[in-house]
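Okay, thanks everyone for coming. Let me put the structure up, and then I'll talk through its aromatic residues and its surface.

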Amino acid sequence: MSTPRFKKDKEIIADYESQVKEIRAQLVEQQKCLDQQTEMRVQLLQDLQDFFRKKAEIEMEYSRNLEKLAERFMAKTRSTKDHQQYKKDQNLLSPVNCWYLLLNQVRRESKDHATLSDIYLNNVIMRFMQISEDSTRLLKKSKEIAFQLQEDLMKVLNELYTVMKTYHMYHTESISAEGKLKEAEKQEEKQIGRGDPVFSIRMEDRNLRRSSVKKIEKMKEKRQAKYSENKLKSIKARNEYLLTLEASNSSVFKYYIHDLSDLIDCCDLGYHASLNRALRTYLSAEYNLETSRHEGLDIIENAVDSLDPRSDRQRFMEMYPSAFCPPTKFEFQSHMGDEVCQVSVQPPVNGELILRFQQLQSRLATLNIENEEIKKTSEATLTTIQDMVTIEDYDVSECFHHSRSTESVKSAVSETYLSKPSMAKRRANQQETEQFYFMKFREFLEGSNLISKLQAKHDLLKRTLGEGHRADYMTTRHPNGLLKTHTGTRRARPRSVFNVRLFNGNLESFIKDSGQAIPRVVESCIRCINLYGLQHQGIFRVSGSQLEVNDIKNSFERGNDPLTDDENGHDINSVAGVLKLYFRGLENPLFPKERFNDLLSCIRIESLYERALYIRKLLLTIPRSVLIVMRYLFAFLNHLSQYSDENMMDPYNLAICFGPHAHAHARHPGPGLLPGPRQRDHQDHHHPQRDNLP
């Protein structure tokens with residue numbers, strides 16, 4: 001029975017030693033893990049130091065390059081007149097101011113990047129070095145504590161092994177004593193069961209038997225005492241083993257669950273907090289760099305918002321007063337004692353001056369109308385150019401969207417405004433528009449220069465001749481730029497003077513015969529409507545009195561102007577009816593019959609710019625005298641449509657009133673500016689007028 005028990009004891013010891021061996025291996029591995037973690041931290045901190053050292057070099061090099069860039073261009077500008085003006089009164093042209101601020105921003109960024117480099121070298125890197133030293137020092141101290149804890153743990157395990165061996169030994173002795181006791185009890189039972197009756201035994205045998213029984217009893221008592229003693233020792237050893245086992249498990253649990261965590265915390269003591277401070281120093285430097293950069297950019301943005309051509313023009317002219325200051329007026333230089341310095345109106349030249357004055361008036365009226373139309377065209381073209389050059393195509397934020405895509409920056413930029421096809425098309429359109437604008441601008445300046453010269457002569461003759469010699473119908477330019485028709489009483493011109501009918505006649509022939517750039521009936525009716533009918537609801541749409549219309553018409557036919565007197569009391573609808581009647585009865589409409597289909601075809605041109613060029617090309621084929629009247633009429637209609645909130649006559653309604661009406665019978669024509677073919681739909685006729693009305 002002893003062999004199986006001995007084998008069991010060896011298995012127990014082997015299991016215990018195997019478990020302790022695993023614990024020893026774990027303790028050694030724990031030391032290695034702590035060393036490895038610290039090595040990784042030191043390597044990470046070393047990489048961070050190398051990174052920021054290289055970044056500091058890059059920032060310093062970038063700072064030097066920015067300083068060189070700024071100094072290069074500042075050296076060029078110090079000798080310029082703009083710089084001298086800037087030093088004198090800090091007053092610059094807005095583009096030059098933007099340029100100076102841009103250079104200052106470069107110098108500011110140069111200083112900021114130099115500061116950033118210094119912070120990296122003398123602050124951030126030093127922090128990482130200190131963290132590395134602290135990590136190594138803390139690891140050493142933590143390992144000393146860990147070694148002591150591991151030694152204590154192994155002592156506990158060794159104590160447990162000793163107590164367990166003691167327990168096994170006493171328990172073995174107890175089992176052995178118990179076996180011997182049981183053997184003695186069996187011998188006693190055997191001796192008692194085998195004995196014969198006493199009276200049948202001889203005296204010698206009886207005494208011998210009694211002596212054997214006594215010996216067995218003494219041996220039993222002795223073995224009983226030994227068993228009891230060993231049993232007590234076994235119980236005490238087992239109790240001690242159980243207590244030591246519980247204490248050992250508690251020590252192992254505490255070491256693995258609590259002590260190891262505390263040891264790791266000791267190794268980490270201040271590591272994360274110090275790394276946090278070091279990286280926040282980097283973030284603070286970068287954020288302050290961006291803040292400084294944005295402050296400088298805000299200054300530049302304010303300067304960009306202040307780009308003003310008008311103030312720059314004034315500053316530019318003030319910078320060069322000797323070049324742009326108007327010269328003194330030319331004075332009359334008398335010749336050989338001639339002291340007369342005024343225009344003479346003596347009888348020999350009086351009639352000639354009056355005729356010349358009248359011719360100047362007529363010429364100025366025509367030139368003012370023409371130049372006003374050129375001015376409107378140039379202003380519209382200028383607006384188009386301004387729309388082209390002020391298009392908001394400068395937002396490149398899409399190019400800086402970070403994603404996992406592998407597309408290059410070049411592919412993102414190629415889709416923006418800077419792509420070659422888009423830029424070429426825009427520049428071609430812009431240059432074409434600029435060419436048209438400069439052509440119109442030149443025409444306007446030439447016309448305004450001619451008007452200025454003729455107006456000066458006209459005004460001087462007017463002052464010389466006096467009010468008594470005013471022309472029959474006088475049109476001069478009002479100071480505000482509008483055409484003002486003088487309302488003085490006109491001399492009635494006999495009808496027999498003209499060889500061409502006014503109503504139902506040929507417009508071009510009448511203008512040529514009468515010398516009136518704008519027929520009197522057109523000028524007078526428009527003047528009257530401008531004075532009294534702009535706010536009249538339904539003007540041109542509501543019919544007037546046919547009797548009054550005929551009276552006004554007949555008066556114009558006789559060469560009179562019934563609308564001259566401001567207190568004439570004529571119904572405004574009748575006046576509008578006379579104007580419509582005049583254009584309706586023209587022998588040839590304002591828009592020639594042969595151009596009717598061409599004008600309708602312009603509707604199919606989608607581009608407004610190309611449509612305008614097409615219409616302009618058609619209008620250039622119309623006689624110049626008719627074109628002047630057409631411009632005069634459409635300028636008035638455009639002015640009238642601006643009061644559509646009150647008179648209810650927007651461009652669409654005016655187009656209906658003045659556009660062609662297609663009737664089945666030619667003897668009932670509508671009041672149109674275009675001829676009205678018989679087989680055309682009504683909508684096809686009035687829509688071109690509506691779309692093209694200014």
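So, F52 is buried, with a relative accessible area of 3%; buried here means under 20% relative accessible area, exposed is over 50%, and partly exposed is in between, with a 1.4 Å probe and protein chains only. Before I go on: this is a predicted model, so to speak of local features we need pLDDT of at least 70, and side-chain atom pairs count only at pLDDT 80 or more, while totals for chains, interfaces and linings use all residues. Residues are numbered from 1 along each chain as its sequence is written, and side-chain values use heavy atoms, with hydrogens and water left out.

What about aromatic pairs? Searching the whole structure gives 16 of them. Rings of Phe, Tyr and Trp (its six-membered ring) pair if their centres lie within 6.5 Å; planes under 30 degrees apart are stacked, over 60 edge-to-face, and the rest tilted. F52 pairs with F128: the ring centres are 5.7 Å apart and the planes are at 35°, so this one is tilted. The pair links distant parts of the chain, with F52 in helix α1 (residues 2-77) and F128 in helix α3 (residues 94-194), 76 residues apart. Helices, by the way, are DSSP runs of H or I with at least four residues, strands are E runs of at least two, and both are numbered from the N terminus. F128 is buried too, at 0% relative accessible area.

Then there's Y167 with Y241, a stacked pair at 5.5 Å centre to centre and 5° between the planes. Y167 is in helix α3 and Y241 in helix α4 (residues 203-267), so parts 74 residues apart in sequence get tied together. Y167 counts as buried at 16% relative accessibility, and Y241 is buried at 17%.

One more ring, Y271: the charged end of R41 sits over it, 4.3 Å from the centre. For that we want NZ of Lys or CZ of Arg within 6 Å of the ring centre and within 35 degrees of the ring normal.

Now zooming out. The protein has 20 helices and two strands, and buried residues make up 34% of its 694 residues. Of the contacts between residues at least 6 apart in sequence, 78% join residues at least 24 apart, where contact means heavy atoms within 4.5 Å.

Last, F324 sits in helix α7 (residues 321-324) and, at 34% relative accessibility, is partly exposed.
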